[in-house]
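Let's take a walk through this protein together.

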Amino acid sequence: MHNILAIESSCDETAASVVSFDKEFIIKSNFISTQIDTHKIYGGVVPEIASRMHIESISGVVDGALKDANLTFSNIDAIAVTYAPGLVGALLVGVNYAKALSSALSIPLVPVHHIEGHICANFLATPDLKPPFMCLVASGGHSTIVKVSDYDKFDTVARTRDDAAGEAFDKISRVLGLGYPGGPAIQKAAENGDCNAFTFPKVSFSENSDFSFSGVKTAVINTIHKMEQKGEEVPKNDIAASFQHCVCDVLASRLVSCAKVHGINTVALAGGVAANSKLRELVNLYAQKENMRFVYPPITLCTDNAAMIGARGYFSFLKGEFAGSELNAVATKDIM
Ligand code: KG4
Ligand code: ZN
């Protein structure tokens, strides 16, 4: 049984995890140090601060992951690390730490694409899940529908043409004064709001299943500004609920229709926005209508974590897909 030590530092969480596999994945530890409280002050992630905080916490986080797993470095067979996409200064911290560990311990270094990691959280959460399945990856930087044809074969079939879903949640939350990160704040406000109070535009393109969120974002901001100019009280909860319903309905309906078009009968969710309960409810509804299986990770495996990087890294490890000291951090990179 191989132990993979995984490291994730692409945005505002420094995370390390030990994952192994014996008939199914075993998460031996999943240690996360979040910077959210610091970035909250600025209303979003400040890249320079993120890099510095990763440097401060990375060795403690790796030690924490080993301690939680009751293991030492001598028990580790490979180091998996997120090398793309993300904030380049943040990624560099994890990549350089992983390179140093791999060299000092003389064990392989496995580069992992962050979005593929998010998708592989589903293999951790649902052991009997087998490809093919259609997965919606919705995070702060990505909104993509990916056809997973094998454990390491990912093809984008549709994507947002502009803003990512998480980006839209974060922006609207800021305009409503609900704080950062926007997703959980909007979801909470929406619990006390009416999702039919406002109708915002749902934009999708029929020719290739792509979608767009800049229109809904602008429409919501205009609605808020007009009310403020007239001196009317802004019904924050109703706006949050209507906005959330609009974005989640586009994502859920597109995911299920993409699966149908490609003849796939399992749909899955991944990424921070996959933590959203309205999104889960709507995907469940559309999937049931088409008799599709619907799987999704628990919230802790939806938002950034290193266990998902370990899961994706394990499949590359089996194939001997290693990197050397030339491995660099890459800010933007499509799924392979
Ligand atoms: O995957 P993730 O943790 O980091 C990235 O790789 O970007 O996703 C972060 C995004 C943020 O935009 C955050 O607002 C959103 O996920 N998010 C949510 C929820 N929880 C986190 N969006 C909607 N509903 C949630 N419950
Ligand atoms: Zn992420």
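Predicted model: local features only at pLDDT ≥ 70, side-chain atom pairs only at ≥ 80, totals over all residues.

Histidine 114 and histidine 118 are about one helical turn apart, because four residues separate them in helix 4 (residues 114-125). With a relative accessibility of 6%, histidine 114 counts as buried, and histidine 118 counts as buried at 1%.

Now turn to helix 2 (residues 47-68) and helix 3 (residues 88-105), whose axes come within 9 Å and cross at roughly 35°. The crossing is right-handed. On the helix 2 side you will find Ser51, His54, Ile55, Ile58, Ser59 and Val62, which meet Gly89, Ala90, Val93, Gly94, Tyr97 and Leu101 of helix 3. Seven residues of this contact are nonpolar, five are polar and none is charged.

Finally, look for the largest nonpolar core, which has 51 residues; Phe213, Phe243, Leu251, Val267 and Leu279 touch the most other members. Several elements supply at least two residues each, including strand 6 (133-138), helix 7 (214-229) and helix 9 (277-289). Helix 8 gives the most, with 14 residues. Leaving aside residues up to four places away in sequence, phenylalanine 243 touches Ala168, Phe169, Ile172, Ile186, Phe200, Val216 and Val220. There is also a second, separate core of 35 residues, with Ile4, Ala80, Val110 and Met308 among them.

Terms used. Residues numbered from 1 in each chain as written. Chains lettered and ligands numbered in written order. Heavy atoms only, no water. Axes fitted to C-alpha atoms, helices over the stretch in contact; angles between N-to-C directions. Left-handed = near helix turned anticlockwise from the far one by under 90°. Contact = heavy atoms within 4.5 Å. Nonpolar A, V, L, I, M, F, W, Y, C, P; charged D, E, K, R; others polar. Core = buried A, V, L, I, M, F, W, Y, C linked by side-chain atoms within 4.5 Å. Buried < 20%, exposed > 50% of the residue type's maximum accessible area, 1.4 Å probe, protein only.
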